[in-house]
Amino acid sequence: MRSPAALPSVRGRAHLAAMYEEPIRRGLKLRCARCGEGKLFRAYLKFNDECPACGQDFTVADTADGPAFFVGFLVMILFAPFYFILPMLPLPLPLMIGSWVLLLSMMIGLALFLLPPFKAVLFNLQVRNRAEEARWESTGKHGSPPKHWKH
Ligand SMILES: [Zn+2]
């Protein structure tokens with residue numbers, strides 16, 4: 001099992017492609033960031049433990065609630081106008097209820113449809129760019145005080 005550290009170092013335009021475009025493109029196809037072949041998911045939103053094609057460890061990153069946040073906001077922005085327009089329409093009650101059911105179904109459907117690619121893209125970007133939790137390391141000293149400092 002090879003780590004993402006084995007990826008080649010690149011510069012400039014090729015650097016951007018390798019760091020962002022490729023992981024995004026592969027994520028949209030729900031494929032591994034490293035080889036572009038292996039499937040990321042073994043079930044809906046459940047990652048494989050490692051890439052079936054290249055063996056990339058899929059436990060090195062965790063998207064947590066990131067995908068849900070982005071998908072939630074996108075869907076909300078897209079559908080918000082209908083929540084203002086629909087109540088103002090002079091529709092008979094059965095048609096109004098039907099419209100709300102349709103609107104809610106479309107929202108839920110779109111969110112469920114968008115979650116896997118969003119999760120895959122975020123995950124691939126984390127894997128490719130070796131994202132991890134922030135760490136703070138003390139240098140072991142506090143430096144010297146400024147010159148005007150009075151003891
Ligand atoms: Zn792979």
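**From a loop cysteine to the helices**

Cys54 sits in the loop between β2 (46–47) and α2 (66–88). A buried residue would need 20 or more, an exposed one 12 or fewer.

Which residues does Cys54 touch, beyond its neighbours within four places in sequence? The contacts are Cys32, Arg34, Cys35, Glu37 and Gly38. Take Arg34. It lies 20 residues from Cys54 in sequence. In space, the two C-alpha atoms are 7.7 Å apart.

Now step back to the whole chain. The protein chain holds 3 helices and 2 strands. From the N terminus on, their order is α-β-β-α-α. Of its 151 residues, 16% count as buried. Consider the contacts with a separation of 6 or more: 57% of them join residues 24 or more positions apart.

Confidence comes next. The average pLDDT of the protein chain is 87, and 85% of the residues score at least 70. Among the elements, strand β1 (residues 41–43) has the highest mean, 96, and α1 the lowest, 86. Where pLDDT is low, predicted coordinates should not be read in detail.

Helix α1 covers residues 12–28, 17 residues in total. From first C-alpha to last it reaches 23 Å, close to the expected 24 Å. Yet α1 has a kink of about 40°, centred on Ala18. Pro23, Arg26 and Gly27 are buried in this helix. What covers the buried residues of α1 includes α3 (93–128). After α1 comes Leu30, with a positive phi near 60°.

α3 still bends, by about 30° at Leu115. A proline, Pro116, follows within four residues of that bend.

Which residues of α3 are buried? They are Phe118, Lys119, Ala120, Val121, Leu122, Phe123, Asn124, Val127 and Arg128. The cover over the buried residues of α3 includes α1 and α2. Past the end of α3 comes Arg130, whose phi is positive, near 50°.

Note on methods: Residues are numbered from 1 along each chain as its sequence is written. This is a predicted model: local features need pLDDT of at least 70, side-chain atom pairs count only at pLDDT 80 or more; totals for chains, interfaces and linings use all residues. The expected span of a helix is 1.5 Å times one less than its number of residues. The bend at a residue is the angle between axes fitted to the seven residues ending there and the seven starting there. A residue is buried if 20 or more other C-beta atoms lie within 10 Å of its own, exposed if 12 or fewer, and partly exposed in between; C-beta atoms are placed from the backbone. Two residues are in contact if their C-beta atoms, placed from the backbone, lie within 7 Å. pLDDT is the predictor's confidence in each residue, from 0 to 100.
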